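Work through the exercises below with the sequence and the coordinates at hand. Each task is followed by a solution in steps.

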Amino acid sequence: MRLQISTRLAIFAVLELTAREGLQLSVAEIGRKYGVSSHHLAKVMHVLGRAGLVRSVRGVGGGYQFIGNPRRTTLLDVAQLFEDLSSVEPANGDGPSEEQTLSEVLGEIDDVAHATLGSITIATMRKLVERRRVGEGRRPKPASRRPQSIAEI
Amino acid sequence: MKETKTTASSAVRVRRVRAADIPQVIALDARVTKLAKAGYWNDIFRRYGRQRSEERFFLVAESRVDRSAAALLGFIIGEVRAWEFGSTPCGWVFALSVEPKMRLHGVGSALFEAISDEFRKAGVDKMRTMVARDGHLPMLFFRGEGMIAGPYIQLEKDLD
């Protein structure tokens, strides 16, 4: 499954903002880490703000703050703000059986994707990120370069 | 396993099931599933509460604070399964229930940690379970405990 760049950015931004309770980060700070422009990220943050997941804090040291509940907000909640994740329309019952069978198979894939995204909360993602970070700290670093832009992630 | 053990959640004590717990297990399950299955639970107790205790674990959670109430807060059941479908031995959890009004108080996590410890002691390093895709609450719980999709896919067929 491929998610749009805006969706991935939104998930990354929310993960950054929930690294510590009450953390505020500017779009420039988040954008630097993922190699994206502040302009693109600002649009993403605007959508997250409209959904009540983040708020902008003005003034010196301002930025964005996560105001949702990390234990209740799932990846599906974030992803649905940016893309249509509705299931494949069931085939018309009058159509050829090939069409209906393919529709069932695609529906199965959609169901699994929905269930996966809908069962992983931001809090769970943070745990997974931390676990990976700890695991990577124990392993010798591979000789790979850091991604230069969001398109490479 | 020691008769009782303290878990990460300090208000919850997890221990092996006793015969006297079974009426509460039956009642809790009936409240949650809306199905009374006394025969099933008595059979599960006979098989998982009394036999092969080194690889079968029927654990219950109770309050450490209010022991006078003697209320069962939840239970978890699992066993070490070996070589099914080519799997190396792993811990398999097939039942978990928490008193609805005690959810989000660490009872499920305490039970999960306790059975994880038992599986580790039994020598397995992988734990598995099966959850309905639309079972939002158990999916969130098991994911929150760090479980991820495994290499097996559950398949089924209508028997016409």
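Helices (H or I, at least four residues) and strands (E, at least two) are DSSP runs, numbered from the N terminus. The model is predicted: local features need pLDDT of at least 70, side-chain atom pairs count only at pLDDT 80 or more, and totals for chains, interfaces and linings use all residues. Residues are numbered from 1 along each chain as its sequence is written, while chains are lettered from A and ligands numbered from 1 in the order in which they are written.

**Exercise 1.** List the elements of chain A in order.

Solution. Step one: the count for chain A is six helices and three strands. Step two: read from the N terminus, they follow the pattern α-β-α-α-β-β-α-α-α.

**Exercise 2.** Determine the strand order of the sheet in chain A and find its edges.

Solution. Strands pair if DSSP finds at least two bridges between them. Step one: the three strands of chain A make an open, antiparallel sheet ordered β1-β3-β2. Step two: β1 (24-25) and β2 (54-57) of chain A each have a single partner strand, so they are the edges, and one side of each has no neighbour in the sheet. Step three: β2(A) is joined to β3 (residues 63-66) of chain A by four bridges, and Val57(A) is opposite Gly63(A) in β3(A).

**Exercise 3.** Describe how α1(A) and α3(A) pack.

Solution. Axes are lines fitted to C-alpha atoms, for helices over the stretch in contact, and angles run from 0 to 180 degrees between N-to-C directions. Step one: α1 (residues 5-17) and α3 (residues 38-50) of chain A pack at about 70°, their axes 10 Å apart. The pair is therefore roughly perpendicular, a class that covers 65 to 115 degrees. Step two: contact (C-beta atoms, placed from the backbone, within 7 Å) brings Ser6(A), Leu9(A), Ala10(A), Ala13(A) and Val14(A) of α1(A) to Leu41(A), Val44(A), Met45(A) and Leu48(A) of α3(A). Step three: these residues divide into eight nonpolar, one polar and no charged. Here Ala, Val, Leu, Ile, Met, Phe, Trp, Tyr, Cys and Pro count as nonpolar, Asp, Glu, Lys and Arg as charged, and the others, Gly among them, as polar.

**Exercise 4.** Which strands does α3(A) lie across?

Solution. α3(A) lies across β2 and β3 of chain A, and runs at about 115° to β2(A).

**Exercise 5.** How many residues does each chain give to the contact between chains A and B?

Solution. Step one: chain B gives eight residues and chain A eleven residues. Step two: the side of chain B that touches chain A has three nonpolar, three polar and two charged residues.

Methods: Parallel < 35°, antiparallel > 145°, perpendicular 65-115°, else oblique. Contact = placed C-beta atoms within 7 Å.
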